[in-house]
Amino acid sequence: MHRRPLGRGRTLAAIASVLLLVACLLPWYSVGGGAGLPLIESRAFDGSGILAFLAALLVLALMALPYASVGRPVAIDAWPAYLLLLIVALLGVVAWPIQYLGVDPSGLLPTRAPGYWIAVVGVLVLARAVFEIHREPVSR
């Protein structure tokens, strides 16, 4: 049974998903930790970042779907589905700083919130992946 190759777009989508999953395990916001103050950290699961986590899992599931089927293309494995998941991940990443408007903005610096910034890179890579998938010829 012939399987189509993964392609550049789906490879980028897999890399973006791994970036997003790793980012969700790292701090997305942290304050304190110096001069006897306790360190307060927030991760993706403490707010809208959970959307980025779910989108990353769904992208990996969507990529695996054609390989789990009986050797024929799956209609949902197309660029609109990846675009929808990109929008979900983007909403999770963009809405995150809005939660912290009234608190110390230094908690979102890259040195204090590496997970958030890795998630931003992951969303950008996923956007490029959606573009690459959109440019691929349709296989039926």
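Serine 17 touches Ala56, Val59 and Leu60, leaving aside residues up to four places away in sequence; contact here means heavy atoms within 4.5 Å. Serine 17 sits in helix α1, where helices (H or I, at least four residues) and strands (E, at least two) are DSSP runs numbered from the N terminus. At 1% relative accessibility, serine 17 counts as buried, the cut-offs being under 20% relative accessible area for buried, over 50% for exposed and partly exposed in between (1.4 Å probe, protein chains only).

A word on the model. It is a predicted one, with local features needing pLDDT of at least 70 and side-chain atom pairs counting only at pLDDT 80 or more, while totals for chains, interfaces and linings use all residues. Residues are numbered from 1 along each chain as its sequence is written, and side-chain values use heavy atoms, with hydrogens and water left out.

Next comes helix α4. Its 22 residues, 114-135, reach 32 Å from the first C-alpha to the last, close to the 32 Å expected at 1.5 Å a residue; the expected span is 1.5 Å times one less than the number of residues. Among the buried residues of α4 are Gly115, Tyr116, Ala119, Val123, Leu126, Val130 and Ile133. An α-helix has 3.6 residues a turn, so residues three or four places apart point the same way. The cover over the buried residues of α4 includes α1 (7-25), α2 (50-68) and α3 (79-98).

Leu126 turns up again in the largest nonpolar core, which has 36 residues and in which Trp28, Tyr82 and Leu126 have the most contacts. Such a core is a set of buried Ala, Val, Leu, Ile, Met, Phe, Trp, Tyr and Cys residues joined through side-chain atoms within 4.5 Å. At least two residues of this core come from each of α1, β1 (29-31), α2, α3 and α4. Leucine 126 itself touches Ala13, Ala16, Val59, Leu85, Leu86 and Ala89, again not counting residues up to four places away in sequence.

Trp28 also shows up beside a serine. Serine 42, in strand β2 (residues 40-42), touches Pro27, Trp28, Tyr29, Trp96 and Tyr100, with residues up to four places away in sequence not counted. This serine 42 is buried too, at 11% relative accessibility.

Finally, leucine 54 belongs to helix α2 and is partly exposed, with a relative accessible area of 41%.
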